[in-house]
Amino acid sequence: MDSTSTGTAPNASPPPGRRRGRPAGTKGVPRAEREEQILAAAMEEFGRHGHASASMAAIAGRVGVTKPMLYAYFDSKDGLYLACLEHIAARVIAAIDAAMAGGPASPAGEQLPHSVLTGLFTALEDRRHAWFVLYDRTLPPGSALRLAAQRHREAIDGLAASGTAALLSGHGNENPLDADALKHVWTGTVSSLMGWWIAHPDLSAQDMSARCARLLTAIRTA
């Protein structure tokens with residue numbers, strides 16, 4: 001579920017942070033590929049330092065372009081952040097959707113938490129810091145960026161609420177407060193696991209999936 005396309009219809013207005021008439025590429029690199037490089041570097045910088053402290057110069061340095069090139073592609077620091085936010089939100093939500101739906105191979109009951117975690121680790125393996133672009137506490141209150149991030153977090157919370165309620169319902173528990181409490185436990189656990197994973201860069205998505213399988217089994221059998 002990698003919903004990362006940023007294309008627009010021929011007659012549509014360009015999305016925020018984008019302008020028509022940009023160069024086709026720099027140093028022989030196609031524009032789409034250069035944008036992908038910039039987004040990857042920016043998501044790591046924003047994820048590590050937050051919007052307030054992130055450096056456009058550092059992002060440009062990671063990619064090997066100039067700061068003016070970043071502004072030519074994304075208009076502003078806010079425009080670049082918004083592009084990162086939309087990119088990673090689409091990837092995260094798609095991963096959760098796929099784990100919860102899954103078609104014929106849809107996991108049942110107790111396997112759903114592990115399936116969701118595995119989907120998230122796989123989706124974020126090449127840009128794990130980007131998780132904290134969604135949960136950036138440095139975004140100015142009331143700003144367009146804060147509101148956009150909140151909208152995506154609410155969508156993720158909605159999926160978490162649906163999954164935890166379904167899990168409890170499978171055990172005959174229809175209590176809405178129990179479901180809400182479990183949703184908070186789940187979302188906090190996921191965020192903590194992401195932070196732990198970032199602190200252990202030698203561990204792959206497959207490693208984390210196997211570790212979480214062991215932990216969930218231990219919890220269920222305790």
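How many salt bridges does the structure hold? The count comes to 7 salt bridges in this model, which is a predicted one.

- The side chains of E44 and R62 meet in a salt bridge, with 3.7 Å from N to O; because E44 lies in helix α1 (residues 31-53) and R62 in helix α2 (residues 56-63), the pair ties together parts of the chain that are 18 residues apart in sequence.
- R62 also forms a salt bridge with E45, where the closest N and O atoms are 3.6 Å apart, and this pair likewise links distant parts of the chain, with E45 in helix α1 and R62 in helix α2, 17 residues apart.

- R91 and D126 are joined through their side chains in a salt bridge of 3.1 Å, N to O; since R91 lies in helix α4 and D126 in the loop between α5 (112-124) and α6 (144-169), the pair ties together parts that are 35 residues apart in sequence.

**A buried lysine without a salt bridge**

- K183, which is found in helix α7 (residues 176-198), is buried yet has no salt bridge.
- The nearest side chain of opposite charge to K183 is that of D180, at 4.1 Å, and this pair does not count as a salt bridge because the nitrogen must lie within 4 Å of a carboxyl oxygen.
- When its neighbours within four places in sequence are left aside, K183 is in contact with D157, A160, A161 and T164.

**Aromatic pairs**

- A search of the whole structure finds 4 aromatic pairs, and one of them is formed by Y73 and F74, a tilted pair with 6.4 Å from centre to centre and 40° between the planes.
- The pair is classed as tilted because planes under 30 degrees apart would count as stacked and planes over 60 as edge-to-face.
- Both members of this pair are buried, Y73 as well as F74.

**Cysteines**

- The structure holds 0 disulfides, a disulfide being a covalent bond between the sulfur atoms of two cysteines.
- Among the cysteines, C84 counts as buried, at 0% relative accessibility, and C212 is also buried, with a relative accessible area of 3%.

**A positive phi at D75**

- D75 has a positive phi of about 75° although it is not a glycine; most residues other than glycine have a negative phi.
- D75 lies in the loop between α3 (67-74) and α4 (77-101), where it is partly exposed, with a relative accessible area of 29%.

Definitions and conventions: Residues are numbered from 1 along each chain as its sequence is written. This is a predicted model: local features need pLDDT of at least 70, side-chain atom pairs count only at pLDDT 80 or more; totals for chains, interfaces and linings use all residues. Side-chain values use heavy atoms; hydrogens and water are left out. Rings of Phe, Tyr and Trp (its six-membered ring) pair if their centres lie within 6.5 Å; planes under 30 degrees apart count as stacked, over 60 as edge-to-face and the rest as tilted. Buried means under 20% relative accessible area, exposed over 50%, partly exposed in between (1.4 Å probe, protein chains only). Helices (H or I, at least four residues) and strands (E, at least two) are DSSP runs, numbered from the N terminus. Lys and Arg count as positive and Asp and Glu as negative; His and the chain ends are not counted. Contact means heavy atoms within 4.5 Å. A disulfide is a pair of cysteine sulfur atoms within 2.5 Å.
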